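Try each task before reading its solution.

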Amino acid sequence: MKKFILGTAMALVMSTAAHAETVGVSMAKFDDNFLTVLRNGMTDYAKTLSGVTLQVEDAQNDVSKQQSQIQNFIASKVDAIIVNPVDTDATTAMSKLAADAGIPLVYVNRQPVNVDTLPDKQAFVASNEQESGTLETKEICRILGGKGKAVVIMGELSNQAARMRTQDVHDVIKTDECKGLEIVEEQTANWDRTQGADLMTNWLSSGIEFDAVISNNDEMAIGAIQALKAAGKDMTKVVVGGVDATQDALAAMQAGDLDVTVFQDAAGQGKGSLGAALKLAKGEKIDKKVYIPFQLVTPANVKDFVTKN
């Protein structure tokens, strides 16, 4: 009996050791509310798994630093790599580095430029950006009754999500229901709250008139709200929308300042990317694109999302 128990225990230890895996993670930057939730979703999930170790690095929004981190992961022979790209136009070279080394790679949240030609053992986990800007703009259009003037605050132009969300805005405005909307200004604030506030201050100083603010993310929308309130604007007369449904954004909505946001499951993307990386490391087949749905958030349902991101 003792021999059987000892043998079983040894087999369990050997099995755990055989499946022990190290995953290198390169995040575009740590200093970002949404990406922090995504990163925490990944690390929290890793804690529930036996034998899984994460090596998480901050690329500090520097594409060269991110490429060096990938090279270092390869040199240290990690079992898989997860990348939240700084520049989505730079992912072809990153894919080649990992493919040449035979190490699985998963892109998370930001769509790589080579998403349709990813090598074997590579995948993309995120939400479909065609939904995000579309849901946001359709709701703003509905609130305005299909007509009015809008300013658009874009994310980093090197980022596919910013380009796609902005295209969503233009596509919605072309529809019959929303063709009465007019974009009077469209500029980038690089996903940043402070830059969003500065941009809005500049627009207000220039005397630009608008009925709505359509922002590519919540952080820039919150910055715009801060500038509007500092200028003494009546927030009941300006419709403001964002994307991500961060806790700060939901608080702004509950305070009556933010009118629309779109829930993007950051923690779910983090967990999903790690799950995909581990499957690829074990030689399992997965879809090249794994999408987690967006959900529209308004004052009517905001309480349902307060604890999610």
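**Exercise 1.** In this predicted model, work out whether strand S6 (residues 147–154) is largely enclosed, then find its pairing partners.

*Solution.* 
- Start with burial: a residue is buried when its relative accessible area is under 20%. Six of the eight residues of S6 are buried, so the strand is largely enclosed by the rest of the structure.
- Next, look for partners. S6 pairs with strand S7 (residues 180–188) in the parallel sense, over eight bridges. Within this pairing, methionine 154 has threonine 188 as its bridge partner.
- Follow the chain from S6 to S7: the path runs through helix H6 (residues 160–173), and the β-α-β crossover is right-handed.
- Finally, S6 pairs with strand S8 (residues 212–215), also parallel, over four bridges. Here isoleucine 153 stands opposite serine 215.

**Exercise 2.** Which parts of the chain does the salt bridge between arginine 163 and aspartate 89 tie together?

*Solution.* 
- The closest N and O atoms of arginine 163 and aspartate 89 are 3.4 Å apart, within the 4 Å cut-off.
- Arginine 163 sits in helix H6 and aspartate 89 in the loop between strand S3 (80–83) and helix H4 (91–101), so the bridge links parts 74 residues apart in sequence.
- Arginine 163 is partly exposed at 36% relative accessibility, and aspartate 89 is partly exposed at 42%.

**Exercise 3.** Describe the salt bridge between lysine 96 and aspartate 100.

*Solution.* 
- Their closest N and O atoms are 2.7 Å apart.
- Both residues belong to helix H4; being four residues apart, they are separated by about one helical turn.
- Lysine 96 is exposed at 52%, and aspartate 100 is exposed at 59%.

Terms used: Residues are numbered from 1 along each chain as its sequence is written. This is a predicted model: local features need pLDDT of at least 70, side-chain atom pairs count only at pLDDT 80 or more; totals for chains, interfaces and linings use all residues. Side-chain values use heavy atoms; hydrogens and water are left out. Buried means under 20% relative accessible area, exposed over 50%, partly exposed in between (1.4 Å probe, protein chains only). Helices (H or I, at least four residues) and strands (E, at least two) are DSSP runs, numbered from the N terminus. Two strands pair if DSSP finds at least two bridges between them. A crossover is right-handed if, with the strands pointing away from the viewer, the path from the first strand over the helix to the second runs clockwise. A salt bridge is a side-chain nitrogen of Lys or Arg within 4 Å of a carboxyl oxygen of Asp or Glu.
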